[in-house]
Amino acid sequence: MIDLALLHAPSVVDFRKRATLWGPISDLVPSTPVFDMYPIGFATLLGHLQTLGYQARIVNLAARMVRSAHFDPRLAIEALDARAYGIDLHWLPHAHGALEVARLVKESHAKAPVILGGYSASYFHRELITHGCVDYVLRGDSTETPLACLMAHILEGSQPEDVPNLTWKDRAGRIRVNPLTWVPETLDHLTLDYHPVVRSVIRDRDLVGYAPFSHWLEYPIMASLSVKGCTHRCSICGGSAFASRHMSGRARPAYRSPERLAEDVRRLGRMSRAPVFLLGDLRQAGADYARRFLNAVQGFDGTIIVEFFRPVNRAFAEALASALPNFIAEFSPESHDARVREASGKIYTNAQIEETIAACLGVGAKRFDLFFMIGLSQQTPDSALATVGYCRSLLRRFDDGRLIPFTSPLAPFLDPGSMAYENPTRYGYLRHAQTLEDHRQLLLQPTWKHMLSYETRWMNRDELATVTYEAGFRLNRLKREMELISGARAEETESRIQEAQILMAELDRLIATSSTAEMAEALLRLKPRIDRANTSTVCDKQELDVRTGIVPFKLVNLAKIGLGL
Ligand code: B12
Ligand code: SF4
C-alpha cells in the first residue's frame, strides 16, 4: 500500500460519452479541451513527500482517458491502494471532473481521506468541504510542507489541528478553517528537478500515468518555475498580485534563486532535448536577478521558451541571446488597442510591442509567439477584429516566418479571485456563475459559448463566439497568405472553423426548440461531427509545438536517474 495517490481528472469526467462543442477553449495550451495537463505542483509534492520517506505516485487519469477509449477511470481507481488520495482543482474548468473523481475514490475506498488543492480549491474551499466526498482542502500556492504535515496526521489517526492552510471536517462533522499561515518567501525549499518523477515512472512502470498531458510523449516540454505569485495586477488574472494576496495570503512573489533556477534548467537539459518553458518573467525580481540567472545559465544550448510580462529593450534581448542562443519568446499584450490593453492592466504602447519583437528577432530569437485575447474589458467586436489587421501590419514588417500571432477567447471562465471577477461592474463584466456548483453546471452545457461564465458590456455570449470564429478565420487566412502555414493546413483549419460555426447554429436551434430528451438524442447523433470539430478550432495547435528530433529523451541519463546514480 502506498501513502498517497495524486490524481488528475479531466474537466468533465464522462467527456467521452458526451457530445460537447468545446470550441477553442484549449487551443493555446498543450492540453486537449478536457485539460488533461496536471499542475507542475504534482512533481514538487511528489518530490517533497518522497524525500520525507512517504510512498506517493501520480496518476494522470485525464491523459489516460484521452489516449485510450478503453481506459476505465473507475477500475483504475479501484485498483489503487493508497492511504489517502489527492486531487487537483487548480484550474476551475476541472470543477466537474475533480469532484466526480473524488466520488469515485469514495465509492471504492470509503475510508481513505480525499484531499483537494490548487487555486480553485483554495478559492471555493468552504463550498468544497461541504461535499461528502471531500475530507480536506489544502489552500494556498505552496502546499508541500502542509501536505506532509497532514499525511503524518492521517497515518497517526490524529486530528490535523495544527496543519497550516487546511480546511477540514472534525470528528463531529464541524467545518474547521485553519489559518493560512504557510506562505513561503522563496522557492528554494522545493525539488524542481523531476528526478522523483523519473524514478517513480520506472518503479510503477507507468509512463502514460505520469505524463504531464496526453500528447507529451510525442511533443514533450519541460517546465522550470521561477516564481509563485506575480508583481502585476492584470484585471482578468486569477494569479495576479491582487488574487494571490486574497487567495494564497501572498503579499509578494516567492522566487527561486537565480542560480538554482539555472541549475534546474541545466538538469532538464541533461534529461531531454525537449524545450524548457521558463515560467515567469525573469525581470520580475529585478535587473540583478535576471543578470545573475543569465550568468549562471550561460551556454545552455537547448531550446528555451521565455515569457515577458512587459516590453523588452534591445539590451535585455542581447543579454538573453548571449546566454540562451536558442530562445523562443512569448509575449501577451492581449490587444492592439491601447484602451483595451490598459483596461486589462497592461500599460504600454504599440511602439513598445514592436520594439520588443524587433529586439528579440534582431538578436536571433528562434521564434516569437504573440498572444491576443477576446473577451476583454472595453473590447468591442470591431476592436477584436481590428487586432487581426494589426497582425497584418506586424507580419509585413517582420516577415521572415519567426513572428507567429495567435488569438483566442477568454474561456470558458473568468478567473475566480481576479479583479474582474471580484468587481465585475467596474470592469464591465456580467457574471453568470457565483458558486463552484454554478461553474460545475456550466461545464455540462453543450457548447463552449453556453459554458462561458461571463459576458461583457461590449459583447454578449453570441458576439463573443461569432467574433472569436471570425478573428480565427481571418488570422488563419493571413497566416496562409504570409506563408506561416501551408495551404493544406490553412484549409483544414478553415473548414474546422466553418463546421464549428454550422454546428453552433444547429445547437442554438436545438436548444431553443427541443425538450431535454430530444436534445440528448440530437446531441448523440451529432457527436461524430462535434468530435471532429473539437481540436484546434481557431488555429492549429501544432503551430505551438516545438520539434525535438527523433529521440527527445536522453535515455542513458534517464536510466542513471532511475538507478539513483
Ligand atoms: C504556469 C501557468 C500555466 C501553465 C501550466 C503549467 C503547469 N503544468 O502547471 C500553462 C501555460 C500550460 C497554463 C495553462 C492554463 N492555465 Co494557467 N497559469 C499559469 C500561471 C502563469 C502560473 C501558475 C503557477 O505559478 N503555478 C505554480 C503554483 C501556484 O502551483 P503549483 O506549484 O502547480 O501547485 C501548488 C498549489 O497550487 C497546490 N496544488 C495544486 N494542485 C494540488 C493538488 C493537491 C492534492 C494539493 C494538496 C495541492 C495542490 O500545491 C502545489 C504545490 O505547492 C498562472 C498565473 C499565476 N501567476 O499564478 C496561470 C493560471 C493558474 N492559469 C489559469 C488558466 C485559466 C489556465 C488555462 C485553463 C487556460 C486555458 N483556457 O487554456 C490552462 C489550463 C491548462 C491545463 N490544465 O490543461 C488561471 C487559473 C484560474 C482558475 N482558478 O481557474 C491562472 C491563475 C491565470 C491565467 N488566467 O492564466 N497555465
Ligand atoms: S497575466 Fe501574467 S503578468 Fe498579468 S498578473 Fe497574471 S501572471 Fe502576472
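This is a predicted model: local features need pLDDT of at least 70, side-chain atom pairs count only at pLDDT 80 or more; totals for chains, interfaces and linings use all residues.

Student: Okay, what domains does the assignment give for the chain?
Tutor: The assignment gives domain 1 (2-177) and domain 2 (219-544). Their centres, taken over C-alpha atoms, are separated by 26 Å.

Student: And how many residues of each are in contact with the other?
Tutor: On the domain 1 side, 30 residues are in contact with 49 residues of domain 2. Helix H4 (95-108), H5 and helix H6 (125-128) each supply at least two residues of the domain 1 side. H5 gives the most, with four residues.

Student: Switching to sheets. What's the strand order in the one with seven strands?
Tutor: The order is S2-S1-S3-S4-S5-S6-S7, in an open sheet with mixed pairing. Strand S2 (56-60) and strand S7 (175-177) stand at the edges with a single partner strand each, so one side of each has no neighbour in the sheet. On average, neighbouring strands here are turned by 20 degrees against each other, ignoring direction.

Student: How do S1 and S2 run, and how many bridges join them?
Tutor: Strand S1 (residues 2-8) and S2 run parallel, joined by five bridges. If you want a spot to look at, find Leu4, which stands opposite Ala56 in S2.

Student: Now the sheet with six strands: parallel or mixed?
Tutor: That one is parallel, and it is an open sheet too, in the order S8-S11-S12-S13-S14-S15. S8 and strand S15 (403-409) are the edge strands; each has a single partner strand, so one side of each is left without a neighbour in the sheet. Neighbouring strands of this sheet are turned by 25 degrees against each other on average, again with direction ignored.

Student: Which strand does S8 pair with?
Tutor: S8 pairs with strand S11 (residues 276-279) in the parallel sense, over four bridges. Ala223 stands opposite Phe277 in S11.

Student: Which helix lies across S14 and S15?
Tutor: Helix H21 (residues 461-481) lies across strand S14 (367-374) and S15, and H21 runs at about 165 degrees to S15.

Student: Let's do ligands. How many residues surround ligand 1?
Tutor: There are 40 residues around ligand 1, and the closest are Ser31, Gly41, Gly86, Gly117 and Gly239. By class, this shell has 22 nonpolar, 13 polar and five charged residues.

Student: Which domains does that shell draw on?
Tutor: Domain 1 (2-177) and domain 2 (219-544) each give at least three residues to the shell around ligand 1. Among the elements that each supply at least two residues are helix H1 (41-51), strand S3 (82-88), helix H7 (144-156) and strand S8 (222-225).

Student: And which residues are around ligand 2?
Tutor: They are Cys230, His232, Cys234, Cys237, Gly239, Ser240 and Phe309.

Student: What's the phi of Asn165?
Tutor: Asn165 has a positive phi of about 70 degrees, although it is not a glycine. Asn165 is in the loop between H7 and strand S6 (166-169).

Student: Is Asn165 buried or exposed?
Tutor: Asn165 counts as buried because it has 28 C-beta neighbours inside 10 Å. Glu483 also has a positive phi, about 60 degrees, without being a glycine. Glu483 is exposed, with 12 other C-beta atoms within 10 Å, and it belongs to the loop between H21 and helix H22 (487-513).

Student: Last one: how far apart are Thr535 and Thr493?
Tutor: In sequence they are 42 residues apart, but in space 9.7 Å, C-alpha to C-alpha. Thr535 sits in the loop between helix H23 (516-533) and helix H24 (555-562). With 15 C-beta neighbours inside 10 Å, Thr535 counts as partly exposed.

Key: Residues are numbered from 1 along each chain as its sequence is written. Chains are lettered from A and ligands numbered from 1 in the order in which they are written. A residue is near a molecule or strand if its C-beta atom, placed from the backbone, lies within 6 Å of it. Ala, Val, Leu, Ile, Met, Phe, Trp, Tyr, Cys and Pro count as nonpolar, Asp, Glu, Lys and Arg as charged, and the others, Gly among them, as polar. Domain bounds come from an automatic or database domain assignment. Two strands pair if DSSP finds at least two bridges between them. Axes are lines fitted to C-alpha atoms, for helices over the stretch in contact, and angles run from 0 to 180 degrees between N-to-C directions. Two residues are in contact if their C-beta atoms, placed from the backbone, lie within 7 Å. A residue is buried if 20 or more other C-beta atoms lie within 10 Å of its own, exposed if 12 or fewer, and partly exposed in between; C-beta atoms are placed from the backbone.
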